[in-house]
Amino acid sequence: MSNTVLPPAESRPRTLVTGAVLGSITSVMFFAGLFAIYFSMRADANAWGSEWFPEGAIQLVPGGMNMATLSLSVVTMAWAVRSVSNNDRIHAYLALGLTALLGVAVINQTVFYLNDIGLPVDYSKATTLLFTIVGAHMTMLGIGVIWNLLLLIRAFGGQDTRRHQDLVSALSFYWYAGVAVYSIIWIGIYIAK
Amino acid sequence: MTTTDIAPDSVAVTSEQNQTFVERLVTNTSNSSIGKSWIFSGCIYFLLSTVLGFLLDIVRFDSDSYLIFSNVDKFFQFWSLHRTSIVLLAVVPMIIGLAMCVVPPQIGANSIIFPRAAAFGFWVWFLGSGITVFGFLADGGFGSPELDSQREAVALTLVGLLLVIAGICVSVICLLTTIISGRCMGMNLRRIPVFSWTIMVSGTLWILTLPVLAANSIIAYVDLRGRSAIYFGSEDVIWDQISWVFTHPQIYVFVLPLIGIAYDIVPVAVKVRQKLYNHDLVLIFSSLFGIIGFGAYAQPFFDTPGTPVREEALYVLTAFLAVPLALLLFGGLFETLRMGSKNLTRHPPAPLILSLLSIFLLISGAVVGALRAIEPFELLSTSSNTAQMKLTIGAGLVAIIAAMLWWGGLIVGKTAKQGFGLISGILITAGSLLSGLADSVNGFLGLDDFTTVGFLQEVSAEQIVKILIAFSFIGSVLILGGAVALILVELLRFKNGPVSELDPWEGHTLEWTDEIVMVESERPLLDEVGKTGT
């Protein structure tokens, strides 16, 4: 097969960021599918006047705390991108470390809440959907935390510099997508119940 | 800091040369090798799917022979496996394989971007496809109407499907990134060859819709795994939740690249240059065709009572829009053919004929889809579904054969026997038409999409239905013959095919040259001819 050797584009778009944006879109569409099913089933339940979640099962405080924590992580993630683009290694360590820590905190709180809720997965359609959606989001967040920690290790090795900024920018897109998904969970499930 | 470049490790080079075939296959990250792996696997699954389709049509033809599948539940499992495999294990993989091989050189990229991820995508899909098929064979599949399947095997099939989706999405992301970020200088989006453009559009729609299918699957899996299912994982409803992927409008999205294949082949085959405004219109129409194929919203299983999604304006409108769009695209090809008719010989190239046939099948599929959407006909759950799928997927398969005959020399390095390839494509076209039209008319006569044996025995009393089922069966035989012919063509190419020329068709786009070409239009090689006056 022939290999065409042509001059590269003058300003080639950043491949890693493009790939991460496409990957994030794929993840968001996965959640869009889950949300569509959740809201459709809930609308049907409301229309028939049947119970969706038992009274008091869904509490606002844990969901609200998670939303606040993830909102903070948006700031620390932006801080990390800024630090790496400025070759500021100390701030990059802090920002990436804090973002990972906040991610772990959200996962920890979610696991505690799911154990505390007192409803099994197979209690009703609503709980099946709740556990699936929240569990899938925890997985998404877990992947983000691992990616974050890998970049932190690279930063310790001096590899996260302005020349390699794309890696952190790519992670930031993925992370922001994760926070956006959680904001729907927070509003659609925890607040609107 | 000092950076020292060291010479390549001679031991490593030697060990690379000593790799076995399997080691090379697994560790290879060249876009050509990954593409060939996709195409080869897709061909095998295509053959298996057509054999399965043939067996299913035997049962429809002679309802007493349902014992081939031992019972009705098994019959249902293999019926759903046929639909799943022909789309997600045959057509889509073969298109991805073609794209892996053709798109990077066509847009002036040296290779696919993220080659390791592309290889990972293939192997994840390959593993998932094996698990899916094994799940069906282990009495799982996507459940069964009489709840007679093995729950653990159903869960296994769902895991396989999730892996298949993941593999396709990863590979498509690599392709899309290559098209968006890997184009050479001068190759702006308007100048992308139509095949690469349609891969971009369909790839985008695949990553927008297949994750929704993954969402359906994972809810069923969570509900099914390890306990009594509440609702989503109940074995008699799993297929209902995922079947939207294999019907209108989503089915169009899987075969969208056939428009690109036809528009890259026809102008070169008749040796004319399309005018630029035509090129722009083709880009717009093919994108519109892709957009109307977005089917993630059309899930009848989650219908709100009283407002079925398949009776909503959007669903009906897209069904009707598909027909004029397909006709407009055919019109564009027809105009190109008319312009270049003086350049056609008595024996036009096989890919040209097959490209036109594939667009014709697409139009037929779109017409059946539009008829299905007319509410008073009550065709939505009849064999019209099967008809539309056969015609549309048949269009995709014929286009893939055309593409293999056209770009096969570039991909494999050897030339195939065009006559055998043409026969294979004509057999599939004839089979799809015969089977599709028979099933379509049977839809009007009330034959269900999935026909249980009892129902078959009942409707078979009607002579006309029985005759049409016989036609559908003959169509399946022809499709099977086409699949076997395709495999033979490719085997002969590998074994005895003569080494292909670099540019046997005098192509217009970058994949046909290994020289440095400045891209100043959508057909850069014609620009060079214009400049040199040769």
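**Figure 1. α3(B) passes α17(B) in a left-handed crossing.** A crossing is left-handed if the near helix is turned anticlockwise from the far one by less than a right angle, and right-handed if clockwise. In this predicted model, local features need pLDDT of at least 70 and side-chain atom pairs count only at pLDDT 80 or more, while totals for chains, interfaces and linings use all residues. Residues are numbered from 1 along each chain as its sequence is written, and chains are lettered from A and ligands numbered from 1 in the order in which they are written. Helix α3 (residues 31-61) and helix α17 (residues 463-496) of chain B pack at about 160°, with axes 9 Å apart. The two helices are therefore roughly antiparallel (over 145 degrees).

**Figure 2. Residues where α3(B) meets α17(B).** From α3(B) come residues including Phe46(B), Phe54(B) and Arg60(B); from α17(B), residues including Phe473(B), Leu480(B) and Glu490(B). Contact requires C-beta atoms, placed from the backbone, within 7 Å. The residues of this contact divide into 15 nonpolar, 4 polar and 3 charged. Ala, Val, Leu, Ile, Met, Phe, Trp, Tyr, Cys and Pro count as nonpolar, Asp, Glu, Lys and Arg as charged, and the others, Gly among them, as polar.

**Figure 3. The side of chain B that touches chain A.** Here 43 residues of chain B are in contact with 37 residues of chain A. α6 (151-181), α7 (194-224) and α14 (384-412) of chain B each supply at least two residues of this side. α7(B) gives the most, with 11 residues. Helices are DSSP runs (H or I, at least four residues), numbered from the N terminus.

Notes. Two residues are in contact if their C-beta atoms, placed from the backbone, lie within 7 Å. Axes are lines fitted to C-alpha atoms, for helices over the stretch in contact, and angles run from 0 to 180 degrees between N-to-C directions. Angles under 35 degrees count as roughly parallel, over 145 as roughly antiparallel, 65 to 115 as roughly perpendicular and the rest as oblique.
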